[in-house]
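I opened this model to look up a few contacts and surfaces. My notes follow in the order I checked things.

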Amino acid sequence: LFAANKGIYFENLKMQYESGKLEKALENIRQENDLSKLRLENQLLLRNGLITGTVLLIVTGLFGFRSIRLRRKLEKQQAIAEERNRISADLHDEIGSALSSINILSGLAGEKLETDQVAAREIIGRINNDAKRTHEIMYDISWEVRPEIDSLEKVVIRMRKYASEILKAKNIHLRFPRNEELKMIDLDPVKRHALYLIFKESVNNIVKYSGAT
């Protein structure tokens, strides 16, 4: 009986031990499951965060790109408006002045034709000069607004042509070197116009005051 009780006792101990191991194993499994769930939740949060951040970045980039395009478009429209205003002012000031002068001189020439033909011929000569100047101004304005002359090289070609015509008439020899690097330089209409006018004034001063050959 003692032996039987002893066997039962040890058997109970063994079962308790095995039961404890099983509970510990189950607890470990539960902990692993909890850790796996936590890792999965963290991965989902990270993935959702990355997706959200990427979407926000793309949306921000699109808005930024559209903003840059809109700003450039507005700047271009403003530049066009300013150029139109400048051309309008040039036409009003230069052409208006020349035509007004031609009108006045034509009236004077008509009055002088019968009384003083020498004076009439002088006035007609002045009318001819004003007409040439008006033609030159109109040509310059039409040249300046052409879209294909944005490069500095095209401006220099026009400068060379103007200088050649003016200086040749005064028997002044012109040397005008060519620079290939000018093809790479673009000018906006305002700078192009200013540069060309400065150059023309310089050439005119050479003709008037330099006494050069």
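I began with Lys161 and Glu165. Both sit in helix H3, four residues apart, which is about one turn of the helix. This is a predicted model. I looked up the contact between the two side chains and found a salt bridge, with the closest N and O atoms 2.7 Å apart. Lys161 is partly exposed at 39% relative accessibility. Glu165 is also partly exposed, at 46%.

Next I asked how many salt bridges the structure holds. I found two. The other entry I noted joins the side chains of Glu153 and Arg178, at 2.9 Å from N to O. Glu153 belongs to helix H3 (residues 152-169), while Arg178 is in the loop between H3 and helix H4 (189-210), so this pair ties together parts 25 residues apart in sequence.

Is Glu153 buried or exposed? I have Glu153 as buried, since its relative accessibility is 11% and the cut-off for buried is under 20%. Arg178 is exposed, at 51%.

I then searched for cavities. There is one of 30 Å³ or more. The largest cavity holds about 40 Å³ of space. Its lining includes Glu153 and Arg178, along with Val156, Ile157, Arg160, Pro177, Asn179 and Leu182. I sorted the lining residues into four nonpolar, one polar and three charged.

Last, I checked the surface for nonpolar patches. Ile51, Val55, Val59 and Phe63 form one, with about 370 Å² of accessible area together. I placed Val59 in helix H1 (residues 2-112). Val59 is partly exposed, with a relative accessible area of 34%.

How values were computed. Residues are numbered from 1 along each chain as its sequence is written. This is a predicted model: local features need pLDDT of at least 70, side-chain atom pairs count only at pLDDT 80 or more; totals for chains, interfaces and linings use all residues. Side-chain values use heavy atoms; hydrogens and water are left out. On a 1 Å grid over the protein atoms alone, a cavity is a set of points where a 1.4 Å probe fits but cannot get out, and a pocket is an open set with protein on both sides within 12 Å along at least five of seven lines; lining residues have an atom within 4 Å of a point. Grid points are joined across faces, edges and corners, and a volume is the space filled by probe spheres set on the points. Ala, Val, Leu, Ile, Met, Phe, Trp, Tyr, Cys and Pro count as nonpolar, Asp, Glu, Lys and Arg as charged, and the others, Gly among them, as polar. Patches are made of residues with over 30% relative accessible area and no salt bridge: like charges are joined within 9 Å, nonpolar side chains (Val, Leu, Ile, Met, Phe, Trp, Tyr) within 5 Å. Accessible areas come from the Shrake-Rupley method with a 1.4 Å probe; for residues, only the protein chains shown count as cover. A salt bridge is a side-chain nitrogen of Lys or Arg within 4 Å of a carboxyl oxygen of Asp or Glu. Helices (H or I, at least four residues) and strands (E, at least two) are DSSP runs, numbered from the N terminus. Buried means under 20% relative accessible area, exposed over 50%, partly exposed in between (1.4 Å probe, protein chains only).
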